Structures are given as structure tokens and as C-alpha cells.
Amino acid sequence: MKLFSAKQLKEADQATEKNEGITSIDLMERAAGQAFEWIDAQLKGQQVPIYIFCGIGNNGGDGLALGRLLLNKKYDVHSFVVNYSENRSKCFLINYDRYKNTSKEWPKLLKSVDDFPDIPANALVVDAIFGIGLNRPLDQWVKQLVIHINQSKTFTIAIDVPSGMFVDSATPDLEAVIEASVTLTFQAPKLPFFLPETARFSNSIQVLNIGLDGNYLAETPTKAKLITKPDVQKMYQPRDKFSHKGTFGHALIVGGSYGKMGAVTLAVKACLRAGAGKTTTYIPESGYTILQTAVPEAMVIAAQESKHLVDFSVSNEYEAIAIGVGLGTDVKTMKGFKKFLETNKTQLVLDADALNLLAQDKELLKLLPKNCVLTPHPGELERLVGKWKNDFDKLKKTVSLSKSIDGVVVIKGAYTITVYHDQYYINSTGNPGMATAGSGDVLTGIITGLIVQGYDVLTAAVFGVYLHGSTGDLAAQQTGYNSLIAGDLIDFLGDGFIHLFRSDNVPQETAGNNRKNSN
Ligand SMILES: NC(=O)C1=CN([C@@H]2O[C@H](COP(=O)(O)OP(=O)(O)OC[C@H]3O[C@@H](n4cnc5c(N)ncnc54)[C@H](O)[C@@H]3O)[C@@H](O)[C@H]2O)[C@H](O)CC1
Ligand SMILES: [K+]
């Protein structure tokens, strides 16, 4: 699903008006009508005081049109115009008149803190102060109004975006943003709904289709995409009946150190479950028995050194090498790692301590082969690219890193973002249960397993991240969040694949039953 910028949404707006022969006021009526339908379907006529705060632009116009529709359906509506400027938009003014013709009670004008109404605890608040047109910090008194609404702790519905949130750049003041209970957003979600600093303001997103021009939406490329099930269904490569294990590649997992062999165990198991034809691990000698016992399906090459890897001389028979899980950052390991990078030509997935070694000596980044995949969590990313000022700056820095290595960078988090050059692929699956030791090792294994099967690195990263998250969601239905452990992600990976082509409406019990049947 494409995430359009504010500028693109305005262009889509114009294309719709031109191609459908409608005016912007018709489009606003459509948007407000959709918001009305949604709210009416929840309230079903229930009488609660509805407090609508409208700005003076088109977001405010939406709010007034919505207020009129609610009044027509005999809801108890109280409207306020937040008079932050004299530059009222045309569509706002038309809806202002229409509102006055519907209601005996005119919207109350708010001009300063003194005008703020008390908001009853049982009120439903509608935030239509600012939408995608916000382009500078809020005036002090408008910020106070936002704080006043947030402090009311009432159920708050944001129209299009929570007011105060910037769509295409960093939100300058995180205290001046509406904390929406639900965000009714038009046509497509907006990028900051998924970024760590701002996601909490747009809890529970409902996308309302207002029928913007289909051609414009289809043909306009966006920097950011939200990756959902239909996107990954297209990525899946079905298996040929006459395929054999050689068809699906050979992966090498390099890592492990004394006390951290579990990381390699998890990665190699995940790699096999993701579908790699063959896997080999290259580990310090002390891990030999552990690996052979824990994963009989994997081959093991034990290095001479017992506790840390020092020498990384591996053959070039693999389609991809994952390096870093449980590796450690011993000085001798660093030396060997550098030597390995100087000669290696195989596709790489770099995680954990391999990223920490790269961060210790950034010159090593120049030795990476084209099209490698880096999977940092925010701490590892910061060590690689330096401190960022905000989420947009973080993306910018990650884009630079991706371009400089000509590879893929996966920023792990609640909404994992895969960055390739200046494209962002935002993942929509996963849950807080996955914040557990070893979860990242499993992801490394999945991505590597997909690459060796023939998925290109970008697809392997985007698809792998989605699968990792959806598998976590399926696992959590059985374990709950607290009890989910990384090994569960491996156990449920098969369900993750099967679920790709199953209806989303499968009840949780059915998913659970299927799992039991398959065991
Ligand atoms: N195509 C669509 O997506 C549709 C969008 N609709 C709604 O329209 C808004 C966007 O409306 P717009 O008038 O462009 O902007 P806002 O209402 O968000 O803001 C009003 C106006 O205020 C000025 N401004 C910006 N920052 C500040 C500030 N800090 N203080 C004071 N004034 C400020 C700026 O000039 C803005 O233009 C969209 O979100 C939807 O809700 C349509 O209804 C349907 C089609
Ligand atoms: K809003």
C-alpha cells in the first residue's frame, strides 16, 4: 500500500476533480460523509455530547460538514472554530454557511485560552483542527488547546491526521499533537503513523476510501510503502514439483562464541524453516556438539579456535552467508572479519556483532559486496550512522548508508522499515511479544533462507520481515505476548507461510487447531 505525501494527496485531489468533473466541495462532502458513516456505525444513535474542534482550512471544513451530517441525524453536536488565522479556505467557508443553515446554535469561535470549553468526561471529541496542510508549529494558544483536549482523556477521533502531526517532515513539538483514540484517515495512511516518535498519536488507524483518482494513485510512485498481505502474496515463489534440495540453495551461518551458540542455533533453524535447501554453520569448536545435537538438519564446520571465531576462511560454494549472530567483538575476531571481507564475493546478511564490528571501523563498509543486507536494531544503527535528530533524519541517514553500500538496511522496531536507496518498506505485522532475546537471530535466518532460494535481496528482506512478524502474531495467539520466545517463531514459521494464502477472517481458535493438527 502506497503512503502518499501531502503534496501528492493534493494532486490526487485535483486529478479527481478534473477527471470526475466534480468540485473540491463535493470531494469534501464525500470525505465528511465517509467519516459520518463510520462514526454513526459505532454510535448507532447513542446520545453522547460530540465536541467537534474545527480549524479554518479544509480539515476544519471536513469537521463542519461532519457536524452538519451528525446534526441531521439528531446527534448532540457542539462545534467550535479554532480561529488560528483569518485565511479561511473556500470549502471551510461554504461549510460554515451550510452549518449555520442547519443548526440554531452556531459554532463557537475560539480565539484564546479563555474561550476553551470544559469538555465533559463522557464526550466524544472530533479533532478537525489541522490535517495534511500543517506546515509550521502551532501558535502557543492552539498548542494549549491541544493539551486541553488531551488532558480531557475523552475518546478522540482525529480527522485525517491527529492535529499537530506533520506528514512529510518531523513533527517539531511532540507536546502539541492530539493523542487520537482513532484516526479516520482519507485514502491512504500517512508515513508518521508508523514512525516511533509519532505512531503513538495515531492509535488505531481506519483508512476511509474517498475515491481519489485511481489512475493518479496507481501511476504515482511513492517513497514509502506499507507492506501488507496482498503485497507479500505477490512475492511468494511457488515450488516446482520436480525441484530438489539443490534448487533451494545452500546457506552458511557464521557466528557463535562461547555462551552464545544459541544465536546460531536459532538462525540456522529459521533458515531451514524458511526453505533453504541446505545449511551449514561455521562456529567455534566449543559449539560443535551443541549445533549437531540441536539442529541435526544442519551441517557444521567447527573452527580450530574454541571460544571465538578468529579465522573466517570459508569456501565460496554458498548462495549467501549470514554473519554476526552471537559472534562477539573480540580483537582477534575483528582481524579475521576484516580479512574475510577483503576476499569475500558471496552475498552477505550482516547482523548483531558483525554490525558492531563495522561500526568500530567504518572503512570496512567499503569492503561489503553490493546487495548485502544489514539488519540493525536502533542501537546498532546509531553506531553505524551516528545520532539522529528525529525519525525523518534517521531515515535520511539510513538512505545515505544504503546508497553508500548499495545494499539493503532493515531498521528493526515495532514497525520494521526496510530501506533500499531512497525507498522505505514499512512492515505491518508483529507484536510486542517479539521483543525477546533471539528474535533478531530468527529474522537473520529467515532472510538468508529466502536469499539462497533465489529471492532477490530486497524481496527477501521485505518478505522475510513480514513473515517474521506474521509468524509472531500467529504464535502470540497461542503463547500470549509475555511467554513468546524466539524458538516459537521457528515453530510457527510454517503457519506463517500457510497463513499468507488464508483468509484473514480465520478465527484464532481455527488457526490454533490447524497448528495442533499439523503436529
Ligand atoms: N485530497 C484529500 O486528501 C482531501 C483532503 N481534505 C481535507 O483537507 C485537509 C487539508 O486541508 P488544507 O486546507 O490544505 O490544510 P489544513 O486544514 O490541514 O490546514 C489549514 C491551513 O492552515 C495553514 N497553516 C499551516 N500550519 C499552520 C499553523 N501552524 N498555524 C496556522 N496556520 C497554519 C496552512 O495554510 C493550511 O493550508 C486534509 O487533511 C483533509 O482533512 C478534503 O476534505 C477531502 C480531500
Ligand atoms: K485533524
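In which loop is glycine 413 found? In this predicted model, glycine 413 belongs to the loop between strand 16 (408–411) and strand 17 (417–420); helices (H or I, at least four residues) and strands (E, at least two) are DSSP runs, numbered from the N terminus. Residues are numbered from 1 along each chain as its sequence is written, with chains lettered from A and ligands numbered from 1 in the order in which they are written. Because the model is predicted, local features need pLDDT of at least 70 and side-chain atom pairs count only at pLDDT 80 or more, while totals for chains, interfaces and linings use all residues; side-chain values use heavy atoms, leaving out hydrogens and water.

UniProt, in an unreviewed entry, assigns the feature "binding site" to Lys412, Gly413, Ala414, Tyr415, Thr416 and Gly440. These residues are spread over 29 residues of sequence yet cluster in space, with a largest C-alpha distance of 13.9 Å. Lys412, Gly413, Ala414, Tyr415, Thr416 and Gly440 are included in the lining of the second largest pocket. On a 1 Å grid over the protein atoms alone, a pocket is an open set of points where a 1.4 Å probe fits, with protein on both sides within 12 Å along at least five of seven lines, and lining residues have an atom within 4 Å of a point.

Ligand 1 sits in the largest pocket, meaning that more than half of its atoms lie within 2 Å of the grid points. Helix 1 (6–20), helix 2 (24–43) and helix 3 (58–72) are the elements that give two or more residues to the shell around ligand 1. Of the 23 residues around the ligand, Lys10, Asp62, Gly131, Arg136 and Asp160 come nearest (a residue is near if one of its heavy atoms lies within 4 Å). The shell comprises 12 nonpolar, six polar and five charged residues, where Asp, Glu, Lys and Arg count as charged, Ala, Val, Leu, Ile, Met, Phe, Trp, Tyr, Cys and Pro as nonpolar, and the others, Gly among them, as polar.

Backbone N or O atoms also approach ligand 1: that of glycine 131 lies 2.6 Å from a ligand oxygen atom, and that of glycine 133 lies 2.9 Å from an oxygen atom of the ligand. Taken alone, ligand 1 exposes 850 Å², of which the protein buries 88% (Shrake-Rupley method, 1.4 Å probe).

The unreviewed UniProt entry lists "domain: YjeF N-terminal" at residues 9–218, a span that is 37% helix and 16% strand. The annotation "domain: YjeF C-terminal" covers residues 228–500, with 44% helix and 14% strand. UniProt annotations may be inferred rather than shown by experiment.

Note on methods
Polar contact = N/O pair within 3.5 Å; in protein donor to acceptor, adjacent residues only side chain to side chain.
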